[in-house]
Amino acid sequence: MHLLDAIRDAFLLLLSGDADLWGIIWLSIKTTLLALLIAAPLAVLLGYLIAARSFAGRRILIWLVQASMSLPTVLIGLLLYLTLSRQGPLGDLRWLFSQSAIVAGQVLISLPVLTAFTLAAVQAADLRVAETAVTLGASPWRVMRTVLHEVRYGVMAAVISGFGRVISEVGCAIMVGGNIAGETRTITTAIALETSKGEFAQGIALGIVLVTIALAINAFMVAVQGDPRAARGAA
């Protein structure tokens with residue numbers, strides 16, 4: 001099949017409302033959003049605490065968080081597979097080859113990204129923000145809220161990066177999800193499967209969806225941020 005023919009068929013497939021295709025897309029979005037809802041609060045809190053507190057081993061912890069961002073997702077999938085297998089410590093949950101396993105893997109993949117980006121954003125914040133809040137008698141919880149509000153765009157960038165990292169990964173999803181049609185087949189695992197079968201149209205269609213999602217969330221981020229130079233000029 002020629003490339004142009006495959007691209008044409010991909011658009012026709014998307015416009016036809018194919019149930020299997022859109023089921024794969026919905027499953028990927030659903031599991032990704034659920035994973036971020038679980039991981040984001042914990043990661044933001046952890047990133048803030050690491051950045052704002054001084055304690056023994058802090059530099060080592062920062063190094064571990066940053067290093068864990070580079071872990072191959074297939075390795076995370078392997079460790080999670082062994083944990084969720086019948087002989088593993090969490091085998092009784094019977095999550096292996098289920099959407100729950102995919103979400104668990106996505107949480108583990110997104111946590112380092114969200115934590116590291118939040119940590120960097122808080123470290124780059126103006127120290128006077130927290131100092132002023134403390135001077136005014138704010139509680140530690142209120143200080144944290146004030147600082148996080150100040151670096152909200154950095155936190156949003158962390159969430160968007162985590163979303164991109166999770167929805168585009170394939171290794172962990174295949175290992176713990178099993179790529180089961182209608183149950184655990186995500187966009188990336190479907191692309192890998194269909195391409196290996198020579199069904200390029202569906203692979204391209206799903207790739208178009210991934211690119212569209214990436215463009216949409218980044219456009220949202222740009223729209224929310226506005227023009228920093230214009231804001232400074234107005235100030």
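Analyst: The dialogue below takes the chain as a whole, then its annotations, its helix pairs and its rings. This is a predicted model, in which local features need pLDDT of at least 70 and side-chain atom pairs count only at pLDDT 80 or more, while totals for chains, interfaces and linings use all residues. Residues are numbered from 1 along each chain as its sequence is written, and side-chain values use heavy atoms, with hydrogens and water left out.

User: How many helices and strands are in the protein chain?

Analyst: Helices (H or I, at least four residues) and strands (E, at least two) are DSSP runs, numbered from the N terminus. The protein chain has 12 helices and zero strands. Its C-alpha trace spans about 65 × 55 × 25 Å along the principal axes.

User: Which residues does UniProt list for the domain and for the transmembrane region?

Analyst: UniProt positions are given in the numbering used here, feature names are shortened, and annotations may be inferred rather than shown by experiment. The unreviewed UniProt entry lists "domain: ABC transmembrane type-1" at residues 25-221; in the model that span is 77% helix and 0% strand. The annotation "transmembrane region", also from an unreviewed UniProt entry, covers residues 21-48, 60-82, 102-122 and 200-224. Residues 21-48 are 100% helix, with end C-alpha atoms 40 Å apart. Residues 60-82 are 83% helix, and their end C-alpha atoms lie 27 Å apart.

User: At what angle do helix α10 and helix α11 cross?

Analyst: Two packed helices are described by the angle between their axes and the distance between the axes. Axes are lines fitted to C-alpha atoms, for helices over the stretch in contact, and angles run from 0 to 180 degrees between N-to-C directions. The axes of α10 (residues 187-196) and α11 (residues 200-225) cross at roughly 155° and come within 8 Å. α10 is therefore roughly antiparallel to α11 (the term applies to angles over 145 degrees). Contact (heavy atoms within 4.5 Å) involves residues including Ile187 and Ile191 of α10 and Phe200 and Leu206 of α11.

User: Is the crossing of α1 and α11 left-handed or right-handed?

Analyst: A crossing is left-handed if the near helix is turned anticlockwise from the far one by less than a right angle, and right-handed if clockwise. The crossing of α1 and α11 is right-handed. Helix α1 (residues 3-15) packs on α11 at about 65°, with the axes 8 Å apart. Among the residues that meet are Leu3 and Phe11 in α1 and Phe200 and Val209 in α11. By contrast, α10 passes α11 in a left-handed crossing.

User: How do helix α5 and helix α8 pack, and what is their crossing?

Analyst: Helix α5 (residues 99-123) and helix α8 (residues 152-167) pack at an angle of about 155°, with axes 8 Å apart, and are therefore roughly antiparallel. Their crossing is right-handed. Gln106 and Phe117 are among the α5 residues in this contact, as are Gly154 and Arg165 in α8.

User: Which residue lies over the face of Tyr153?

Analyst: A charge sits over a ring if NZ of Lys or CZ of Arg is within 6 Å of the ring centre and within 35 degrees of the ring normal. Arg152 lies over the face of Tyr153, at 4.9 Å from the ring centre.

Conventions. Parallel < 35°, antiparallel > 145°, perpendicular 65-115°, else oblique.
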